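Here is a friendly briefing to keep beside you while you look at the model. Please have the sequence and the 3D view open together.

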Amino acid sequence: MSIVKINVLSVPAEQREVLEQRFGARAGTVENSDGFEWFELLRPVEGTDQYLVYTRWRDEESFQAWMEGPMKAAHQGGDGEGRQRPAASGSTLWSFEVVQQAAPKQS
């Protein structure tokens with residue numbers, strides 16, 4: 001079964017729009033990766049400043065290949081004025097194995 005990676009991003013209120021715009025602008029960068037299955041950016045509703053970046057992968061190897069390739073390149077950027085400051089003030093990566101799943105029944 002698949003694996004799930006959830007990146008927990010602490011985002012100050014004044015950086016929320018910046019973060020969401022950056023994720024919108026990145027459309028397509030993960031979707032074309034081998035082994036990629038799903039992506040969701042989850043905005044906090046109340047009680048926290050943490051966004052969740054949910055991705056699902058065929059296996060750990062597919063995730064690691066993306067981390068070392070397209071993701072690494074996208075986050076390195078340029079130095080000095082050309083480089084954007086991070087919108088998040090902190091990040092934690094959670095890892096899970098999918099052991100059960102369900103989908104809506106087809107009528």
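This is a predicted model: local features need pLDDT of at least 70, side-chain atom pairs count only at pLDDT 80 or more; totals for chains, interfaces and linings use all residues.

Residues are numbered from 1 along each chain as its sequence is written, and side-chain values use heavy atoms, with hydrogens and water left out. An open sheet of 4 strands has the order β2-β3-β1-β4, with antiparallel pairing. Salt bridges come to 5 in total.

**Terms for the fold**

- Helices (H or I, at least four residues) and strands (E, at least two) are DSSP runs, numbered from the N terminus.
- Two strands pair if DSSP finds at least two bridges between them.

**The sheet**

- In the strand order β2-β3-β1-β4, the edges are β2 (36–42) and β4 (90–97), each of which pairs on one side only.
- From one strand to the next the twist averages 15°; axes here are lines fitted to C-alpha atoms, for helices over the stretch in contact, and angles run from 0 to 180 degrees between N-to-C directions.
- Strands β2 and β3 (residues 50–57) run antiparallel and are joined by 6 bridges. Here L41 stands opposite V53 in β3.
- Strand β1 is joined to β3 by 8 bridges, again antiparallel, and V8 stands opposite L52 in β3.
- Strand β1 also pairs with β4 in the antiparallel sense over 8 bridges, where N7 stands opposite L93 in β4.
- How enclosed is β1 by the rest of the structure? Strand β1 is largely enclosed, because 7 of its 8 residues are buried. Buried means under 20% relative accessible area, exposed means over 50%, and partly exposed lies in between (1.4 Å probe, protein chains only).

**The helix on the sheet**

- L41 of the β2–β3 pairing stands opposite V53, and helix α1 (residues 16–25) packs on this sheet, touching β1 (3–10), β2 and β3. Contact means heavy atoms within 4.5 Å.
- The direction of helix α1 makes about 20° with that of β3.

**Salt bridges**

- A salt bridge is a side-chain nitrogen of Lys or Arg within 4 Å of a carboxyl oxygen of Asp or Glu.
- One of them joins the side chains of E20 and R43 (2.7 Å, N to O). This pair links distant parts of the chain, with E20 in helix α1 and R43 in the loop between β2 and β3, 23 residues apart.
- E20 is partly exposed at 26% relative accessible area, whereas R43 is exposed at 52%.
- Another salt bridge brings together the side chains of D34 and R58 (2.8 Å, N to O). Because D34 lies in the loop between α1 and β2 and R58 in the loop between β3 and α2 (60–76), the pair ties together parts that are 24 residues apart in sequence.
- D34 counts as exposed at 58% relative accessibility, and R58 is partly exposed at 39%.
- R58 also forms a salt bridge with D59, with the closest N and O atoms 3.6 Å apart. Through shared partners, salt bridges join D34, R58 and D59 into one network.
- D59 is partly exposed, with a relative accessible area of 23%.

**R22 on helix α1**

- R22 lies in helix α1 and is partly exposed, with a relative accessible area of 29%.
- Which residues does R22 touch, leaving aside its neighbours within four places in sequence? R22 is in contact with Q84, R85, P86 and A87.
- R22 and A87 are 65 residues apart in sequence, and their C-alpha atoms are 8.9 Å apart in space.
- A polar atom of the R22 side chain lies 2.6 Å from the backbone oxygen of R85.

**T55 in strand β3**

- T55 sits in strand β3 and is buried, with a relative accessible area of 6%.
- Leaving aside its neighbours within four places in sequence, T55 is in contact with I3, V4, K5, W38 and F39.
- The T55 side chain makes a polar contact with the side chain of W57 (2.9 Å). A polar contact is a pair of N or O atoms within 3.5 Å; within protein, one must be able to donate a hydrogen and the other to accept it, and residues adjacent in sequence count only if both atoms are side-chain atoms.
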